[in-house]
Amino acid sequence: MCQDCASSSGASRRSFARFLAAGAGLTVLTACTPEAPVAVAPSSSPTVPVPTPTVTSDYVTPTAAESTTAAAEPPAQAPVPPSAAASLPGQFSLTDPASRWVVVNKHRPLQPADYAPADLVQPRVRVVATGEAALLNSTTAAAAEAMFAAAARDGVVLTLASGYRSYATQVATYGGYVAARGQADADTASARPGYSEHQTGWAFDIGDGGGACSFEPCFADQPAAVWAKANGHRFGFVVRYPLMFHTITGYYYEPWHLRFIGVEAAADMSARSINTVEEYFGVEAAPGYA
């Protein structure tokens with residue numbers, strides 16, 4: 001759920017967070033969960049067979065517009081909309097973590113909390129992550145291969161920056177935040193164990209291969225993010241945490257975080273100009289933990 005991040009961007013994040021703390025005093029929501037921090041001042045398509053090669057071994061700063069909105073208006077609790085997805089011929093569970101439509105957010109933890117996909121593989125794409133973070137479930141991996149290849153034909157480089165994250169990894173990461181900053185502040189910077197979309201294998205973070213604006217708001221303007229936002233639905237992906245919808249998703253804009261929901265649903269969601277999976281599948285907004 002980065003909601004999940006690369007350690008190489010840690011210094012820039014801390015510098016930017018110190019600027020925010022001095023100028024705006026805003027603590028940031030994020031699904032992205034980098035390595036557990038040290039105790040420092042708070043910063044804010046159908047499945048195709050995919051061979052499994054040997055694998056070697058949630059932070060974001062809101063835009064100025066989001067910061068202003070968040071400060072001026074408390075999260076609104078809109079009525080739960082009907083499910084637009086109900087019109088599709090194929091239907092999938094919204095609660096089963098093995099389902100491509102599972103909705104994981106701050107009101108909807110995984111059941112079981114320590115769920116692990118049974119079909120994790122490393123996609124045959126350009127991967128900059130290592131260990132478990134280089135893995136996706138087999139359906140998402142196949143779709144990612146097709147999408148990355150299409151982007152390359154258009155002259156755009158996509159990289160897999162962070163994929164699967166196990167429950168144990170999330171326990172360690174979140175625990176590090178709690179130890180350093182306390183639970184209230186940790187909840188603004190890291191998904192609680194069992195609440196991370198990355199744990200399902202249906203979500204991953206992209207990069208551009210050059211490290212420009214990695215896990216930073218300016219990544220939205222990089223060719224990789226622009227291409228993925230415009231074309232991801234063709235391969236079954238949506239940008240899970242869109243701009244200015246944090247009062248629904250619980251997380252600020254993450255242009256790097258893609259979620260597989262299937263070509264039929266993603267294309268329908270795009271055609272209807274529906275921005276969040278909460279709205280599309282007709283579940284309640286989750287701006288904070290229930």
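Since the model is predicted, local features need pLDDT of at least 70 and side-chain atom pairs count only at pLDDT 80 or more, while totals for chains, interfaces and linings use all residues. Residues are numbered from 1 along each chain as its sequence is written, and side-chain values use heavy atoms, with hydrogens and water left out.

What is the strand order? The open sheet has 4 strands, ordered 3-4-6-5, with antiparallel pairing. On the edges sit strand 3 (159-162) and strand 5 (237-241), each pairing on one side only. Averaged over the sheet and ignoring direction, neighbouring strands are turned by 50° against each other. On terms: helices (H or I, at least four residues) and strands (E, at least two) are DSSP runs, numbered from the N terminus. Two strands pair if DSSP finds at least two bridges between them. Axes are lines fitted to C-alpha atoms, for helices over the stretch in contact, and angles run from 0 to 180 degrees between N-to-C directions.

Now strand 4, residues 203-207. With strand 3 it pairs in the antiparallel sense over 3 bridges, and strand 4 also pairs with strand 6 in the antiparallel sense, again over 3 bridges. Going residue by residue, Leu160 is opposite Ile206, Ser162 is opposite Asp205, and Phe204 is opposite Leu258 in strand 6.

Is strand 4 buried or exposed? It's mostly covered, with 5 of its 5 residues buried; buried here is under 20% relative accessible area, exposed is over 50%, and partly exposed is in between, using a 1.4 Å probe and protein chains only. Ala203, Asp205 and Gly207 point one way from the strand, and Phe204 and Ile206 the other way.

What lies across this sheet? Helix 3 (residues 138-153) lies across strand 3, strand 4, strand 5 and strand 6 (254-260), and runs at about 25° to strand 4.

Ser162 is in strand 3, and at 6% relative accessibility Ser162 counts as buried. Leaving aside neighbours within four places in sequence, Ser162 is in contact (heavy atoms within 4.5 Å) with Ala129, Ala133, His198, Phe204 and Asp205. Its C-alpha is 8.9 Å from that of Ala203, which is 41 residues away along the chain. The Ser162 side chain also makes a polar contact with the side chain of Arg165, at 3.4 Å. By polar contact I mean a pair of N or O atoms within 3.5 Å; within protein, one must be able to donate a hydrogen and the other to accept it, and residues adjacent in sequence count only if both atoms are side-chain atoms.

The other one, Ser166, is in the loop between strand 3 and helix 4 (167-181). Ser166 is buried too, with a relative accessible area of 12%. Its side chain makes a polar contact with the side chain of Thr169 at 3.0 Å, and Ser166 touches Glu132 and Gln199, not counting residues up to four places away in sequence.

On to the disulfide; the rule is a pair of cysteine sulfur atoms within 2.5 Å. How many are there? The count comes to 1: Cys213 and Cys218, with their sulfur atoms 2.0 Å apart. The torsion about that S-S bond is about -115°, so the disulfide is left-handed. Cys213 is partly exposed at 21% relative accessible area, and Cys218 is partly exposed at 34%.

Last stop, the aromatics. Rings of Phe, Tyr and Trp (its six-membered ring) pair if their centres lie within 6.5 Å; planes under 30 degrees apart are stacked, over 60 edge-to-face, and the rest tilted. The structure holds 11 aromatic pairs. One of them is Trp101 with Phe281: centres 5.0 Å apart and planes at 40°, so the pair is tilted. Those two are 180 residues apart, with Trp101 in the loop between helix 2 (64-72) and strand 1 (120-121) and Phe281 in helix 9 (residues 277-281). Both are buried.

Then there's Phe215 with Trp256, with centres 5.6 Å apart and planes at 80°, so this pair is edge-to-face. Phe215 is buried at 3%, and Trp256 at 0%. To finish, Phe148, Trp202, Phe204, Phe237 and Phe260 form one aromatic cluster.
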